[in-house]
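Trainee: I'm new to this structure and would like a close look at just one part of it. Could you pick a spot and walk me through it slowly?

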Amino acid sequence: MTPALPTVTDETVTAWALAAADGDNEAVDRFVRALQRDVRRYVAYLADDVQAADDLTQDTFLRALTALPRFEGRSSARVWLLSIARRAVIDSLRRAACRPRTAWTDDWQAAAERAQPTGLPGFDEGVALMELVDSLPGDRREAFVLTQLLGLPYAEAAELSGCPVGTVRSRVSRARTALAEWAADDSVTHPAEPAAA
């Protein structure tokens, strides 16, 4: 275990950064050693991934050393470096989000199939459910399809149907109840349409 480095003031670190920008190799070494621990803790916290902290720390210092000749000391070198670290983490998260994750398995197809959601209705069940929806009375079917299948807000569905919002809510509720009853009753294949009131 390496001994803890003494805390260095922002003024000293900034002076080292300015000297490093002028080509002082010893100042570069002091600058990196003084802030390496801070950067590692910061990127591990931001990325929420201790395993990636070393890579992100290295990426941060590579970016910083490349940009060091342009560092003018307007802010402390610590703040400047931590802002670079934040950008490194953000770029890392963006890269991870846009590329597929690797799976440590030889049979990727079986792994992909196991990751699929289970318990969802299949094609046959979907056809049966749509037949049940088609068996609803016209006004209930319209309200149910507009709000539950097409995702329209109740107010918009009411405007399209030419009735109050409460009526749409009531029709959807009665449609849900009827569909649940029909789906639970295995003996019913084609429910009879209830008589209109």
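Mentor: Happy to! The model is predicted, so local features need pLDDT of at least 70 and side-chain atom pairs count only at pLDDT 80 or more, while totals for chains, interfaces and linings use all residues. Residues are numbered from 1 along each chain as its sequence is written, and side-chain values use heavy atoms, with hydrogens and water left out.

Let's start at Thr 14. This residue sits in helix α1, which covers residues 10-21 (helices are DSSP runs of H or I with at least four residues, strands are runs of E with at least two, and both are numbered from the N terminus). Thr 14 counts as buried because its relative accessibility is 11%. What does its side chain reach? It comes to 2.8 Å from the backbone oxygen of Asp 10, a polar contact (a pair of N or O atoms within 3.5 Å; within protein, one must be able to donate a hydrogen and the other to accept it, and residues adjacent in sequence count only if both atoms are side-chain atoms). Leaving aside residues up to four places away in sequence, Thr 14 touches Phe 71, Gly 73, Ser 75, Ser 76 and Ala 77 (contact means heavy atoms within 4.5 Å).

Now stay with Asp 10, whose backbone oxygen Thr 14 reaches. Asp 10 is partly exposed, as its relative accessible area is 33%. Asp 10 also forms a salt bridge with Arg 78, where the closest N and O atoms are 2.6 Å apart (a salt bridge is a side-chain nitrogen of Lys or Arg within 4 Å of a carboxyl oxygen of Asp or Glu). Arg 78 lies in helix α4 (residues 77-98) and Asp 10 in helix α1, so this pair ties together parts that are 68 residues apart in sequence.

Next, look at Arg 78 itself. With a relative accessible area of 16%, Arg 78 is buried. A salt bridge also joins Arg 78 to Asp 38, with the closest N and O atoms 2.4 Å apart. Because Asp 38 belongs to helix α2 (residues 25-47) and Arg 78 to helix α4, the pair ties together parts 40 residues apart in sequence. Asp 38 is buried too, at a relative accessible area of 18%.

Which residues make up the network here? Asp 10, Asp 38, Arg 41 and Arg 78 are linked by salt bridges.

For context, the structure holds 11 salt bridges. One of them is between the side chains of Arg 171 and Asp 139, at 3.5 Å from N to O. Since Arg 171 lies in helix α9 and Asp 139 in helix α7, that pair ties together parts 32 residues apart in sequence.

Notes: Buried < 20%, exposed > 50% of the residue type's maximum accessible area, 1.4 Å probe, protein only.
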